[in-house]
Amino acid sequence: MKKSLARYIIIRLLLTVPMVFILLSIVFVVLRVMPGDPVSSMLGGHAPEKVIEQKKQELGLNRSLPVQYVQYLWQICHLDLGESMVFKEKVTKAIADKLPATIELTFFGMIITLFMGVFLGAYAADKRRTAQDYGIRLYGIVVYCIPVYWMGLMLQLIFGIWLNVLPVAGRVGARIFTSDFEKTGLYVLDTLMARDFASLGDVLLHLVLPAFTLGIVLSGIFVRLTRANMLDVLKSDYILAAEARGIGHRAIVYKHALKNAFIPILTMMGLQFALLMAGAVLTETTFSWPGMGRLLLERIYLRDYPTIQGVIIVVALVVAMASLLVDVVYAMVDPRVRY
Amino acid sequence: MISGFTGLGKKYGLEWWILVVGALIILAIVYMAAFPGTLAPFSPYDQETGPQLAPPSAVHLMGTDNLQRDVWSRIVFGSQTILRVAVLAALVSSIFGITLGLISGFSGGWFDRVLSLVMDSLYSFPGLILAIAFAAMLGPGVVNIMLAVSVIYIPTYFRLVRGQTLSIKEELYVEAAQAIGASRFTILWQYIFPNVIATTAVVFTLNVADAIMTEAALTYLGLGLPPSIVDWGMDLAMGKKFLPSGMWWLITFPGAMISLLALGFTMLGEGLAEILNPRLLER
């Protein structure tokens with residue numbers, strides 16, 4: 001079992017290579033074929049021809065497309081994402097600065113989604129064909145149709161402006177110095193390790209609105225999925241057997257049935273990670289959250305080719321890793337799964 | 001007619017009513033887009049229609065913005081942009097996705113393998129991020145944003161149609177058609193395509209709902225359209241600037257309309273899916 005699982009992980013890791021390669025190739029070509037380039041966005045439209053040519057020479061943009069492509073791939077093979085074409089910085093550095101913010105946001109968003117989705121879904125299945133069930137199903141559909149950025153704006157309006165109880169922008173308040181605790185960039189973890197509980201409180205406070213925005217919008221899918229799975233499980237023989245043995249109704253639904261319904265939900269979590277990343281990009285812009293989404297948007301206007309390509313690669317890898325992680329956990333939780 | 005209508009409601013229960021409500025929402029907004037003059041008291045571009053940044057009142061149902069334009073009138077005219085972009089984008093991606101899926105599934109071989117790999121890669125990547133990249137590269141414009149949105153949904157249709165084509169081409173009637181000497185094109189077009197198209201109807205409806213939210217996301221980010229076009233997402237982005245001063249009407253109404261339109265198509269799609277094929281959504 002252990003050996004085959006290890007083999008499975010290696011195969012899955014190898015399978016992500018063509019995926020990243022294909023995405024990268026598409027983005028690479030599209031970036032260079034479409035109008036605009038980093039030199040003109042940097043120097044403005046009125047720079048003399050000679051200066052533009054010289055700059056292009058420096059950045060290697062005057063070489064033919066296939067040559068540039070091969071060079072870039074060669075660089076990637078050495079795990080080097082190159083240097084930004086607009087700013088004097090390594091692409092890996094820019095991404096390393098922003099990635100933790102996005103990971104922290106998506107992590108807490110996912111937790112909220114799971115809690116709300118699974119609980120509401122299980123409750124709806126238990127109360128099948130009652131007003132509560134219809135209400136929760138309607139919630140699932142409606143919430144799915146709310147654009148995540150609008151949800152963010154409305155929560156900002158209600159809790160940030162009208163009630164004035166929660167911060168609406170950034171990761172920390174003005175009086176907190178992140179340099180005091182910053183190590184991993186995951187501020188919740190950092191403040192915990194530094195035992196700086198005042199800062200931890202501030203960090204958590206700033207997380208509330210963005211994480212709930214992301215969490216609520218995605219919870220609709222999980223409501224439906226949990227409900228459907230629970231209905232299947234509740235029909236099965238071992239639930240009937242548990243009832244016959246006189247186990248309390250609540251214990252049957254929320255302990256026995258939910259445990260079994262949870263496995264397919266776990267698989268779904270891996271698949272939903274792409275949606276979560278997309279939602280994170282929009283949440284970041286709404287909440288001025290300094291993450292990958294804002295980095296991408298900023299650099300896309302500047303046509304900073306290496307940084308854009310780097311962000312695409314890292315996002316693809318994060319999504320692939322998340323789905324792999326979920327599959328591995330799945331294999332550990334469910335003893336029936338063999339690879 | 002009436003008894004048939006409620007009869008269907010009895011037969012399918014909640015699903016039927018979900019479908020009906022969804023269809024009504026869509027019809028109302030389509031009417032808005034088709035006959036804006038009957039609903040909007042002002043032109044969406046008209047400045048100085050009243051006081052600046054005024055809250056909703058009898059004259060301005062949804063208030064006014066910073067350029068003294070009537071928000072309700074902009075909502076009415078803005079429905080044209082989002083409907084056009086979302087429906088056209090879904091059409092373009094379904095045409096490409098279905099065609100490629102049919103050919104790929106039917107012909108098999110290395111072509112099928114390579115195309116499947118490309119489509120799977122696109123499918124697993126966050127679609128919105130890809131759309132952002134395409135929209136930014138293409139520059140502002142209605143056709144450009146439509147293309148950026150349509151690219152990311154091609155894999156959805158491709159995967160669905162390819163899978164079905166693979167199973168249908170093994171059917172006896174396809175074999176029979178081959179035996180009597182039907183050309184490959186005839187088999188694809190007359191024997192496989194009609195059997196594939198039914199399931200794509202549901203996916204198309206849900207796809208429009210998704211495209212609505214993607215279109216609005218792109219214009220909200222300032223990527224999609226020139227400022228001369230009236231659009232809900234752009235109005236939302238503009239209203240965001242006045243959020244700190246509590247001007248709630250500037251963000252509440254455009255956002256609610258985006259949700260409502262997406263909700264209409266989602267409800268129609270869900271209802272259709274349940275009625276046509278109850279197991280489709282569980283997969």
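Helices (H or I, at least four residues) and strands (E, at least two) are DSSP runs, numbered from the N terminus. The model is a predicted one: local features need pLDDT of at least 70 and side-chain atom pairs count only at pLDDT 80 or more, while totals for chains, interfaces and linings use all residues. Residues are numbered from 1 along each chain as its sequence is written, and chains are lettered from A and ligands numbered from 1 in the order in which they are written.

**Stop 1: chain B as a whole**

Select chain B and colour by secondary structure. A residue is buried if 20 or more other C-beta atoms lie within 10 Å of its own, exposed if 12 or fewer, and partly exposed in between, with C-beta atoms placed from the backbone. On that count, buried residues make up 48% of the 283 residues in chain B. Two residues are in contact if their C-beta atoms, placed from the backbone, lie within 7 Å. Among the contacts in chain B between residues at least 6 apart in sequence, 69% join residues at least 24 apart.

**Stop 2: a helix pair in chain B**

Now select residues 127-138 of chain B, helix H5, and residues 142-151, helix H6. Their axes come within 8 Å and cross at roughly 155 degrees; axes here are lines fitted to C-alpha atoms, for helices over the stretch in contact, and angles run from 0 to 180 degrees between N-to-C directions. H5(B) is therefore roughly antiparallel to H6(B), on a scale where angles under 35 degrees count as roughly parallel, over 145 as roughly antiparallel, 65 to 115 as roughly perpendicular and the rest as oblique. Show side chains to see who meets whom: the H5(B) residues include B:Leu130, B:Phe134 and B:Leu138, and those in H6(B) include B:Asn144, B:Ile145 and B:Val151. By class, this contact has 10 nonpolar, 1 polar and no charged residues. Ala, Val, Leu, Ile, Met, Phe, Trp, Tyr, Cys and Pro count as nonpolar, Asp, Glu, Lys and Arg as charged, and the others, Gly among them, as polar.

**Stop 3: where the chains meet**

Bring chain A back into view. 39 residues of chain A are in contact with 39 residues of chain B. On the chain A side, H7(A) gives the largest share, 8 residues. That side divides into 37 nonpolar, 2 polar and no charged residues.

Next, pick H12(A) together with H5(B): they pack at an angle of about 50 degrees, with their axes 7 Å apart. The two helices are therefore oblique to each other. A:Met277, A:Ala278 and A:Val281 in H12(A) meet B:Gly127, B:Leu128 and B:Ile129 in H5(B).

Stay on A:Met277. Leaving aside neighbours within four places in sequence, A:Met277 is in contact with A:Thr106, A:Val315, A:Val318, A:Val319, B:Pro126 and B:Ile129. A:Met277 is also among the residues with the most contacts inside the largest nonpolar core, which has 162 residues. Such a core is a set of buried Ala, Val, Leu, Ile, Met, Phe, Trp, Tyr and Cys residues joined through C-beta atoms within 7 Å. Helix H9 of chain B, residues 184-220, gives the most to this core, with 16 residues.

**Stop 4: A:Gln156**

Select A:Gln156, in helix H7 of chain A. Is A:Gln156 buried or exposed? A:Gln156 counts as buried, because it has 24 C-beta neighbours inside 10 Å. Beyond four places in sequence, its contacts are A:Ile161, A:Val168, A:Leu209 and B:Leu243.

**Stop 5: two positive phi values**

Most residues other than glycine have a negative phi. Phi of A:Asn164, however, is near 50 degrees. A:Asn164 sits in the loop between H7 and H8 of chain A and is exposed, with 9 other C-beta atoms within 10 Å. Finish at A:Arg303, with a positive phi of about 55 degrees. A:Arg303 is in the loop between H13 and H14 of chain A, and is buried, with 23 other C-beta atoms within 10 Å.
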